[in-house]
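Here's a quick tour for anyone meeting this structure for the first time. Take a look, then read on.

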Amino acid sequence: MTQSGLLTALFLLLFNGHNILAKSLQERIVGGVELPISVSPWLASVSVHGSYSCSAALITSQWLVTAAHCVHYPDRYFVRAGSASPAEGGQERNVASILLHPSFNLRILDNDIALLMVDKAFKLDSNLQLLKLPIPGLNVVPRTLLVAGWGTVHENSTSTEQQLRGTLVNLIDERRCKYLYSRIGRPVTENMVCAGAPGRDHCYGDSGAPLVHRGITYGIVSFAHGCGDPHFPGVYTKVSNYVSWILSVLKSEKK
């Protein structure tokens, strides 16, 4: 099956077969389905001391983008790409360099983006492809997007998943998202975009995963209040605000 066919099947499963696939609104990624890596071939798992920690996405054969809060503390990180499992298969690399956005604010997770450079370039194949960046400063985000990762299947779960899962979420109006989070004193800045759907969301452990439409990333999983809560959609770093920074880093590293 082609990638477009798999995405069509995912759409049908989520919207027509959700009652069969899930017994409640808080199953799967939250409200998602198991996916082969070929549907999200740019997705990589980030591990620390052999344990899965976050997700990342390949933007070149040697560079990945992730959430800054995933890698803000000094440690030895590993990246696995080309596999639907965070523990085996695909290609594994050591992270040689970590660049946090210079204006990253850990307290409110503003500018929550970082770049990872691995010690050896990945070899691209059908299960390992590059994710495209949006037009710099573009404020237009598609209405329906894919988010996938190895995070917990609901907010009360104590362990992440060993098989990749994904779900489709809808863009949430920025003013509405700001209002919803203002009720708990959590700022949603212009560097963030919100997305979700009833019973469908990212969850703990999905941080760093890309928010994707047609092979272009529009967001990076940053935070949420709970998982799948209809009153608090998932919040993502708005990638279009950082394309110029990303390209400048990649250019400087080539020198």
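Arg175 counts as exposed, at 68% relative accessibility; exposed means over 50% relative accessible area, buried under 20%, and partly exposed in between (1.4 Å probe, protein chains only). Bear in mind that this is a predicted model, where local features need pLDDT of at least 70, side-chain atom pairs count only at pLDDT 80 or more, and totals for chains, interfaces and linings use all residues. Residues are numbered from 1 along each chain as its sequence is written, and side-chain values use heavy atoms, leaving out hydrogens and water.

Searching the whole structure turns up three salt bridges (a side-chain nitrogen of Lys or Arg within 4 Å of a carboxyl oxygen of Asp or Glu). Here they are:

| Pair | N to O distance |
|---|---|
| Asp173 and Arg175 | 3.9 Å |
| Lys178 and Glu174 | 3.3 Å |
| Arg80 and Glu92 | 3.6 Å |

Lys178 and Glu174 sit four residues apart in helix 3 (residues 174-182), so about one helical turn separates them. Arg80 is buried at 13%, while Glu92 is partly exposed at 42%.

What about the greasy side? The largest nonpolar core has 69 residues, with Leu64 and Val79 making the most contacts inside it. Such a core is a set of buried Ala, Val, Leu, Ile, Met, Phe, Trp, Tyr and Cys residues joined through side-chain atoms within 4.5 Å. Domain 1 (42-129 + 242-253) and domain 2 (131-240) both contribute residues, so this core lies between them; the domain bounds come from an automatic or database domain assignment.

Note on methods: Helix = DSSP H or I, 4+ residues; strand = E, 2+ residues; numbered from the N terminus.
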